[in-house]
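Dear colleague,

Please find below the structure that I am handing over to you. My notes on it follow directly after.

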Amino acid sequence: MIRGLVKLRGLDPRFARVVQYCLEKADEQGLDPVLDYGIRSHAEQAVLYQRYLRGGPKAAPPGLSLHQYGLAVDVYAGSVVRNNFRYDSNQDKLRAIFLGAGLEGVSGDPPHFQYPGAQRLLPRSTRRPRARRR
Ligand SMILES: [Zn+2]
């Protein structure tokens, strides 16, 4: 039984299909995958970003995360969850499955996988563009 499958709900359906395929493959390999995060609201992202600023796990500012668009997931190997989120070779094997299926990773964020190329659709920053003088 793959944990967190309910979190496929709300994801872009094509993305969700690839994620499910990867989760099943990871399960077959005995990696005991856990889908920890699928879609997030703006408010949830804001909480995670504040936590990141205080030394928590990596999180993008609200508005700049593909999680808010149903185009990103966070998936852990079961052993990582059991060891208080210490990464091990099972996470590397899990990562190889997701990246091998064509999804994108982000450096410094081992459980995160996103729809390839979609990051380019997001603004670079939440800051308002400076008014141009004419
Ligand atoms: Zn993520």
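Helices, meaning H or I runs of at least four residues, and strands, meaning E runs of at least two, are taken from DSSP and numbered from the N terminus. In these terms, Asp32 belongs to the loop between α1 and β1.

Please note that the model is predicted. The average pLDDT over the chain is 92, and 93% of the residues reach at least 70. Confidence is lowest in strand β1 (residues 34–37), where the mean is 94, and highest in helix α4 (residues 89–100), where it is 98.

The sheet

The model contains an open sheet of 4 strands, ordered β1-β2-β4-β3, with antiparallel pairing. β1 and β3 (104–105) form the edges; each has a single partner strand, so one side of each has no neighbour in the sheet.

Strand β2 (residues 72–76) is joined to β1 by 3 bridges, and the two run antiparallel. Within this pair, Leu35 has Val75 as its bridge partner in β2, and Val34 has Tyr76. A further 3 bridges link β2 to β4, again in an antiparallel arrangement; here Ala72 stands opposite Gln114 of β4.

Is β2 mostly covered or mostly uncovered? It is mostly covered, with 5 of its 5 residues buried. In a regular strand, side chains alternate between the two faces of the sheet. In β2, Ala72, Asp74 and Tyr76 are buried on one side, and Val73 and Val75 are buried on the other, which leaves both faces covered.

The helices

Helix α4 lies across β2, β3 and β4 (112–114), and runs at about 150° to β2.

A packed pair of helices is described by the angle between the axes and the distance between them. For helix α1 (residues 13–28) and α4, the axes come within 9 Å and cross at roughly 145°. This crossing of α1 and α4 is right-handed. On the α1 side the contact involves Cys22, Lys25 and Ala26, which meet Leu94, Ile97 and Phe98 in α4. By class, the contact of α1 with α4 consists of 5 nonpolar residues, no polar residues and 1 charged residue.

The segment before α1

Lys7 is located in the segment before α1. Which residues does Lys7 contact, leaving aside its neighbours within four places in sequence? They are Leu35, Tyr37 and Gly38. Lys7 and Gly38 are 31 residues apart in sequence, yet 5.3 Å apart in space, C-alpha to C-alpha. Lys7 has 19 other C-beta atoms within 10 Å. A residue is buried at 20 or more and exposed at 12 or fewer, so Lys7 is classed as partly exposed.

Asp32 has a phi near 50°, a positive value in a residue other than glycine. With 19 other C-beta atoms within 10 Å, Asp32 is partly exposed.

Phe85, in the loop between α3 (78–82) and α4, is likewise not a glycine and has a positive phi of about 65°. Phe85 has 13 C-beta neighbours inside 10 Å, and therefore counts as partly exposed.

Yours sincerely,
A colleague

Definitions and conventions: Residues are numbered from 1 along each chain as its sequence is written. This is a predicted model: local features need pLDDT of at least 70, side-chain atom pairs count only at pLDDT 80 or more; totals for chains, interfaces and linings use all residues. pLDDT is the predictor's confidence in each residue, from 0 to 100. Two strands pair if DSSP finds at least two bridges between them. Two residues are in contact if their C-beta atoms, placed from the backbone, lie within 7 Å. Axes are lines fitted to C-alpha atoms, for helices over the stretch in contact, and angles run from 0 to 180 degrees between N-to-C directions. A crossing is left-handed if the near helix is turned anticlockwise from the far one by less than a right angle, and right-handed if clockwise. Ala, Val, Leu, Ile, Met, Phe, Trp, Tyr, Cys and Pro count as nonpolar, Asp, Glu, Lys and Arg as charged, and the others, Gly among them, as polar.
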